[in-house]
Amino acid sequence: MATEIKAVGVCGFGTMGAGIVQVCAEAGLDVVVLEASEERLTLGRERLGAFIEGGIKRGKVTEADRDALLGRIRGVLDVAELGACDLVVEAVVEQAEVKAELLAQIAGVVREDCLIATNTSALSVTELANAVPGPERFAGLHFFNPVPLMELVEVVEALQSSEQTLAALEELGRRIGKHPVRVKDRPGFLLNRVLMPYLNQVVQDYDDEIASAEDIDAALRLGLGYPMGALELLDVIGLDVHRHATEAAYEQTRTPSLSPPPLLGRMVAAGRLGRKSGRGFYDYEEDPR
Amino acid sequence: MSPTDNAKTVGVLGAGTMGVGIAVTIARAGHRVKVRDLTTEGYERGLANVADFLDKSVELGKLEAERRDVALAGLSGTTDLADLAECDVVVEAIFEDEGLKAKTFGELDEICREDALFHTNTSTLSVTAIAAGSRLPGRVVGTHYCNPAPMMKLVEVARGQRTSDEAYTASVRFLESLDKRVVTTADVPGFLVNRYLVPFENDCIRALEAGLGTVESIDTVVTKGLRYPMGTFRLLDIVGLDIHKAVSTSLYDRLRDPRFAPPPLVDRMISAGQLGRKTGEGFYTYADRKLMGT
């Protein structure tokens with residue numbers, strides 16, 4: 001794996017994709033971002049623009065920085081445009097068939113020494129590697145939301161991943177300002193494996209009326225120094241997203257602490273998904289937080 | 001200068017780390033504090049520690065000298081429970097033993113006024129079980145301070161099965177007079193803080209045992225990914241593996257939830273004398289072991 005990573009392809013310009021595009025461009029890498037339609041490219045650019053505008057307002061980014069950064073990003077609709085990339089990271093919808101099909105297409109257009117990574121949080125990286133001819137160049141690169149602010153990235157080792165691939169991804173992680181941590185391809189990898197049982201426990205306790213949402217979160221912030229209480233955090237993550245992730249991990253492990261508490265299902269059914277829907281454990285319409 | 005008329009007289013049982021921290025917290029808010037320990041040396045050392053803390057607070061500009069003087073003027077010590085007869089509130093911070101705590105409240109029944117509040121600073125025991133030692137269990141409230149008590153804003157208030165509304169309300173008002181943020185919980189094992197911290201720590205230890213990560217990578221995930229103030233293994237080394245095991249086992253015995261059971265690695269480390277900073281070695285090794293000794 002001789003090539004230095006200079007050009008990165010990102011598939012998917014959603015929340016995670018936009019974050020990955022941003023941190024790569026900020027580190028001076030050329031970024032090609034692939035989407036399915038012109039409209040989705042436009043939405044992605046808006047997402048990215050909104051985040052950077054926030055940085056300009058807080059005085060962290062200059063307008064010249066922004067223009068240079070946007071100049072390094074190219075939106076494309078044809079997978080063939082990824083051909084010159086040294087690394088392609090896919091961040092499309094969490095469906096195994098969709099990802100597998102895309103990964104095969106990517107492998108068909110890039111050089112043989114191009115690294116390919118998936119940002120999946122719930123699927124097996126080892127299984128996805130089967131879609132890539134030459135799977136030793138494939139691994140997981142698991143970012144956290146919001147990508148520009150979260151300092152961690154998990155480098156997930158598929159059974160097929162080569163040492164060079166993993167080392168190159170760790171090096172890239174450091175280059176884009178993250179702390180890379182190498183983890184095994186197990187359900188939930190590492191961070192979610194220890195986070196999800198805790199979140200599930202708090203949700204069940206809340207449903208059991210052990211304490212109010214405000215008091216639970218205050219205990220976690222003031223007693224343990226956590227930046228956010230568990231219920232506030234779930235409202236940010238999205239209850240549907242958490243439920244899907246913990247259900248997937250439960251299906252693979254049958255570990256009871258990973259099983260989603262019933263309240264999550266009821267809240268998702270009622271449309272209380274967290275901040276994005278205006279209400280979760282807290283109400284953001286009456287009391288914007 | 002002496003405490004004002006609306007100052008309360010508060011007994012603090014036990015002059016260990018928590019007792020001293022609680023005495024500081026209450027005294028600097030302008031209340032009279034009587035520290036009771038089993039021995040004269042015990043309470044004298046405790047009072048000296050309270051005075052040291054208050055002096056340091058003044059030096060650091062965190063406390064007005066006048067308030068320290070009020071606090072010290074109202075501070076006294078005793079070995080005799082009978083000296084707590086005038087207390088409006090008695091806070092027990094003695095050894096974490098349900099029978100001992102319950103028996104002590106029974107003895108205080110014979111000494112204190114009927115309207116005196118009894119606070120138990122247990123972290124893992126049942127408030128209801130401790131309250132059963134008093135003939136007036138309605139006046140017993142769980143008040144769990146975090147360590148170090150003078151610095152930590154949070155106090156968990158746990159209502160036992162028979163805690164009265166009056167005692168609960170008066171206790172919250174008293175704690176707010178200490179400038180604490182009160183959270184109210186049911187009388188459940190571990191209340192909130194330990195109930196969420198201990199199984200999380202065990203999950204991290206199990207992840208280590210299962211080869212999901214190393215001590216360093218798991219701590220990186222915790223500090224950089226979850227943005228907690230300290231890595232789990234750093235924290236466990238400070239707490240001490242023996243203490244962690246005792247707390248974890250006590251919670252497991254009451255809950256029977258496997259996440260609370262201390263993982264086998266904890267036993268092996270204890271057997272090997274790897275208790276954390278205090279023995280110079282735990283999940284990490286510490287070169288400055290002499291500095292860490294108590």
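In chain B, Ala51(B), Leu54(B), Asp55(B) and Val58(B) of helix 2 meet Ala65(B), Arg68(B), Ala71(B) and Leu72(B) of helix 3, where two residues are in contact if their C-beta atoms, placed from the backbone, lie within 7 Å. The model is predicted, so local features need pLDDT of at least 70 and side-chain atom pairs count only at pLDDT 80 or more, while totals for chains, interfaces and linings use all residues. Residues are numbered from 1 along each chain as its sequence is written, and chains are lettered from A and ligands numbered from 1 in the order in which they are written.

**Helices 2 and 3 of chain B**

- Helix 2 (residues 40-59) of chain B and helix 3 (residues 65-73) of chain B pack at an angle of about 170° with their axes 9 Å apart; helices (H or I, at least four residues) and strands (E, at least two) are DSSP runs, numbered from the N terminus.
- Axes are lines fitted to C-alpha atoms, for helices over the stretch in contact, and angles run from 0 to 180 degrees between N-to-C directions.
- The angle therefore makes helix 2 of chain B roughly antiparallel to helix 3 of chain B (under 35 degrees counts as roughly parallel, over 145 as roughly antiparallel, 65 to 115 as roughly perpendicular and the rest as oblique).
- The residues of this contact between helix 2 and helix 3 of chain B divide into six nonpolar, no polar and two charged, where Ala, Val, Leu, Ile, Met, Phe, Trp, Tyr, Cys and Pro count as nonpolar, Asp, Glu, Lys and Arg as charged, and the others, Gly among them, as polar.

**Helices 7 and 9 of chain A**

- The axes of helix 7 (residues 191-207) of chain A and helix 9 (residues 230-237) of chain A come within 10 Å and cross at roughly 110°, and the two helices are therefore roughly perpendicular to each other.
- From helix 7 of chain A, Tyr198(A), Leu199(A), Val202(A) and Tyr206(A) meet Ala230(A), Leu231(A) and Leu234(A) of helix 9 of chain A, a contact with seven nonpolar, no polar and no charged residues.

**The sheet of chain A**

- Eight strands of chain A form an open sheet in the order 3-2-1-4-5-6-7-8, with mixed pairing; two strands pair if DSSP finds at least two bridges between them.
- The edge strands, each pairing on one side only, are strand 3 (73-76) and strand 8 (179-184) of chain A.

**Between the chains**

- The contact takes 33 residues from chain B and 33 residues from chain A.
- Helix 7 of chain B gives the largest share of the side of chain B that touches chain A, eight residues.
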